[in-house]
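Subject: Structure handover

Hello,

Here is the structure for you to look at. My notes on it follow below.

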Amino acid sequence: MKFFIDTANLEAIKEIKAMGMCDGVTTNPSLMAKEGRTDTDALLREICDVVQGPVSGEVTTLKADEMIAQARQLVKISEYIVIKIPATYEGLLAISALASEGIAVNATLVFSVSQALLVAKAGAAYVSPFVGRLDDVSEDGMNLIEEIITVYGNYGYDTEVIVASVRHPLHVVESALLGADVATIPPQVIKKLIAHPLTDKGLAGFMADWEKLQGGAR
Ligand code: E4P
């Protein structure tokens, strides 16, 4: 299973890369804005240099021809750039055109099986269903992942499923159980995945017993 990091924060990316847990990165306009840098192309380039794997940068236009033009500029930043395009009617036109040019697209803001089916048919390299935002409105986000994986399996689409809008470790565990290709995970959730109170408690006991042994040996 691949772990992408859902952030534009370079320090967090470097830290998680050092843990061996960063196969790629996803950004969006809100995550970029959080960093407060107006040189967004330079930031994306720096992220690509660290990650050396797929880095999603999102278009900020709404019409297909504008998205296509922006995507053609964004891919010049690095060989690792993947273009995030929203799953709208205009987005679908853009995905189709970009895919035929060999540009890797991550179809974003996906909330239904029908959207996932169409973006795969259009040739998207990745689909990003937002599980947390569905959970927020009392819909089962992980159920959507299961259905998309079933549909893609039925027809052999090679579009990779990125579980997005991940809010907690259980989203990652359930994604792995369903066989999702990728989870894009916020840095704070990555750190929670390794934490367990019984590990901490057990370690404290081992350290205390070891200390006692050292004291008795003196
Ligand atoms: C996905 O690529 C998005 O950047 C992200 O997962 C959105 O998550 P949010 O719902 O926490 O904003």
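Is C22 buried or exposed? C22 counts as buried, because its relative accessibility is 6%. Buried means under 20% relative accessible area, exposed means over 50%, and partly exposed lies in between, with a 1.4 Å probe and protein chains only.

Some background. This is a predicted model, in which local features need pLDDT of at least 70 and side-chain atom pairs count only at pLDDT 80 or more, while totals for chains, interfaces and linings use all residues. Residues are numbered from 1 along each chain as its sequence is written, and side-chain values use heavy atoms, with hydrogens and water left out.

Now the cysteines. The disulfide count is zero, where a disulfide is a pair of cysteine sulfur atoms within 2.5 Å. C22 is in no disulfide, and the nearest cysteine sulfur to it, that of C48, is 11 Å away.

Next, the ligand. The residues around it are D6, T26, N28, L31, K84, F130, R133, A164, S165 and R167; each has a heavy atom within 4 Å of the ligand. This shell divides into three nonpolar, three polar and four charged residues.

Polar contacts are pairs of N or O atoms within 3.5 Å. A polar side-chain atom of K84 is 2.6 Å from a ligand oxygen. For D6, the distance to a ligand oxygen is 2.7 Å. For R167, it is 3.0 Å. Taken alone, the ligand exposes 350 Å², and the protein buries 85% of that. These areas come from the Shrake-Rupley method with a 1.4 Å probe.

Best wishes

Note on methods
Polar contact = N/O pair within 3.5 Å; in protein donor to acceptor, adjacent residues only side chain to side chain. Nonpolar A, V, L, I, M, F, W, Y, C, P; charged D, E, K, R; others polar.
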